[in-house]
Amino acid sequence: MEEREGPDAIMRALTFSLAGVPLEIRTPSRRLQELFAGYFAAYAPRLGEGEKEPPPLLDEEERRGAVGSKEEDSSIDQRVRLDLFRVDRLPEISDLLPQGERKIAQTGILSLWQGLSSTIEEWVFLSEGAAFRVEGAAGRITGWIAPAALALPQILANTMTLLPLLLLLRLKGRYHLHAAAVLSPKGARWLICGPPRAGKSTLTTALGLSGWRPIADDGLFLSAHRGVPFLEAFRKSFHLDRRLWERWPKLAEIRQGPASLERILVDGLSHFGTAELARSGWSGIDGILLPRISGERQSQLASIEPSRVLLTLAQESVYFPLCPPHPQRQWTLLTELVRQARGYTLSAGEDLLDDPGRIAHLLEA
Amino acid sequence: MPGPYPSETRFQIKEGTSFTELVENREAVLLDLDNLHYYTLNGTAIEIWRWMRGGEAATLGQVISNLHGAFRLPEADFGRVEQEVSRFLGELEQNGLLRLSEGSRPEQGGAARGAGDRPYVPPQLKLASSLSRVTLSGSSTIATAAISSTGG
């Protein structure tokens with residue numbers, strides 16, 4: 001029997017720090033508490049009592065009073081709060097953005113809407129299973145979760161909730177980069193950057209099986225630290241294609257977590273002994289690899305112009321055009337990263353699946 | 001395409017562009033911060049942009065003069081180089097990265113640094129891409145596929 005939460009349900013809060021930003025996830029739902037405690041397990045969230053549930057929908061005047069206006073952005077604190085509610089029916093977008101909205105992005109059935117209020121920066125993410133409102137100045141996200149989204153817990157955490165969170169972190173100067181990070185045995189720091197299904201997780205794991213140290217398989221946070229680019233791993237489960245288990249016998253040693261579509265979640269950082277390493281951020285990158293699955297027999301590694309590397313990094317930076325002056329700040333950090341590193345494309349062939357050590361040989365050569 | 005320009009035509013590069021040399025004297029990128037259009041510049045284009053930004057050249061004539069000094073070009077090449085530079089400036093203007101400035105009296109340009117052993121190549125501006133589109137990258141594409149497949 002599903003637990004239900006009534007209006008008097010007790011809000012409980014998961015608190016931890018993500019990329020140096022204090023984060024509080026509050027929900028009366030035990031199921032959501034458990035989901036996010038698991039999703040953010042590497043950050044060791046503490047579960048404590050939260051306040052009684054606040055009204056999730058305020059009118060414009062109340063919200064302005066509660067969260068401040070755009071002009072007060074400089075005075076807001078760094079804290080981010082995420083309030084989640086289970087509902088049977090999602091609110092209408094006109095309730096969430098009463099002053100009007102415009103759609104600014106769409107992928108499949110997930111859409112991103114920007115509010116037209118002149119005083120409050122706010123966005124709404126809508127899908128068939130969940131709705132999230134992001135209030136920039138308040139540092140607050142409110143999420144309404146319907147049964148359809150609860151049926152896909154990994155996607156609810158890793159996409160529906162993560163995307164609004166990344167937008168709010170952007171306003172705090174933490175820019176998400178869709179890239180993996182791996183240290184070579186000699187200590188060279190490599191990024192592997194590319195769109196979904198480019199081979200980031202596969203290559204990261206192949207390198208991990210070859211004595212390299214994976215720090216992240218999918219996401220990093222880029223920020224400025226004392227004026228230089230600073231990278232931090234987004235510490236979460238690695239998402240590995242289930243077919244790899246048929247090709248790489250060494251993977252049998254990795255304890256499998258739940259499956260999500262064709263992917264199997266594994267605790268890659270624990271398996272490769274890099275959980276502690278991944279806790280620290282770092283500045284400086286030695287190499288940037290842009291992979292793509294070629295379907296050919298042999299893999300090919302080729303050096304490329306830094307401008308192409310930079311373009312890929314910018315394209316794999318979610319929300320790059322949003323929230324000026326952040327595009328300019330992010331651009332400056334990305335250009336600094338690219339200037340430090342050598343860039344390569346990898347046309348990943350079947351030989352990598354035959355021998356996971358092949359990629360390490362190619363990069364070390 | 002704007003141009004060709006008289007040699008005394010004065011130009012002003014656009015404020016609100018981010019110029020970064022990724023490989024010294026060989027490859028640079030320009031980001032127009034208004035529309036997030038992303039351009040690459042080759043070595044000669046880098047020199048010209050730097051001169052115009054630093055006030056070492058404000059007219060076509062000064063750019064040509066600086067190029068001849070920097071690259072030690074033979075006099076026979078003057079006409080061809082002027083055409084190439086005029087075309088390049090026209091591309092900058094067409095893309096909103098440069099505008100004709102008021103007044104026709106040219107100012108004195110500065111002395112350009114030598115280009116060392118680097119050969120002159122025609123200046124080139126390439127529009128690489130626009131970064132103005134909001135992408136929801138990451139696992140979102142997987143998620144939406146999953147939701148669709150479960151019928152919501």
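## Close-up views of a predicted model

**View 1. Helix α11 of chain A, end to end.** The 15 residues of helix α11 (residues 326–340) of chain A should span 21 Å at 1.5 Å a residue, and its end C-alpha atoms are 21 Å apart, so expectation and model agree. The expected span of a helix is 1.5 Å times one less than its number of residues. Helices (H or I, at least four residues) and strands (E, at least two) are DSSP runs, numbered from the N terminus. This is a predicted model, in which local features need pLDDT of at least 70 and side-chain atom pairs count only at pLDDT 80 or more, while totals for chains, interfaces and linings use all residues. Residues are numbered from 1 along each chain as its sequence is written, chains are lettered from A and ligands numbered from 1 in the order in which they are written, and side-chain values use heavy atoms, leaving out hydrogens and water.

Which residues of α11(A) are buried? They include A:His326, A:Pro327, A:Gln330, A:Trp331 and A:Leu333, and also A:Leu334, A:Thr335, A:Leu337 and A:Val338. Here, buried means under 20% relative accessible area, exposed over 50%, and partly exposed in between (1.4 Å probe, protein chains only). An α-helix has 3.6 residues a turn, so residues three or four places apart point the same way.

**View 2. Strand β11 of chain A and its partners.** Five of the five residues of β11(A) (residues 179–183) are buried, so the strand is largely enclosed by the rest of the structure. A:Ala179, A:Ala181 and A:Leu183 point one way from the strand, while A:Ala180 and A:Val182 point the other way. Two strands pair if DSSP finds at least two bridges between them. Five bridges join β11(A) to the antiparallel strand β12(A) (residues 189–193), where A:Leu191 is the bridge partner of A:Ala181. These two strands form a hairpin with five residues between them, and A:Gly187 in the turn has a positive phi of about 95 degrees.

**View 3. Strand β1 of chain A between two pairings.** Strand β1(A) (residues 12–18) is joined to β2(A) (residues 21–27) by seven bridges, and the two run antiparallel. In this pairing, A:Phe16 stands opposite A:Leu23. The hairpin made by β1(A) and β2(A) has two residues between the strands, and A:Ala19 in the turn has a positive phi of about 55 degrees. Four bridges join β1(A) to β3(A) (residues 46–49), also antiparallel, and here A:Ala13 stands opposite A:Gly48.

**View 4. The largest pocket.** A pocket is found on a 1 Å grid over the protein atoms alone: it is an open set of points where a 1.4 Å probe fits, with protein on both sides within 12 Å along at least five of seven lines, and lining residues have an atom within 4 Å of a point. Grid points are joined across faces, edges and corners, and a volume is the space filled by probe spheres set on the points. The volume here is about 690 Å³. Of the 37 lining residues, A:Gly199, A:Thr202, A:Asp241, A:Arg263 and A:Ile293 lie nearest the centre. Which helix gives the most to this lining? It is α6(A), with five residues. The lining divides into 14 nonpolar, 11 polar and 12 charged residues. Ala, Val, Leu, Ile, Met, Phe, Trp, Tyr, Cys and Pro count as nonpolar, Asp, Glu, Lys and Arg as charged, and the others, Gly among them, as polar.

**View 5. The second largest pocket.** This pocket holds about 450 Å³ of space. Its lining has 24 residues, with A:Ser237, A:Gly257, A:Pro258, A:Leu265 and A:Val266 nearest the centre. Strand β17(A) supplies the largest share of the lining, five residues. By type, the lining comprises 11 nonpolar, nine polar and four charged residues.

**View 6. Chain B and its residue Arg133.** Chain B has four helices and six strands, and 51% of its 152 residues count as buried. B:Arg133 sits in the loop between β6 (125–130) and α4 (140–149) of chain B. Is B:Arg133 buried or exposed? At 64% relative accessibility, this arginine counts as exposed. Its C-alpha atom is separated by 30 Å from that of B:Asn25, 108 residues apart along the chain.
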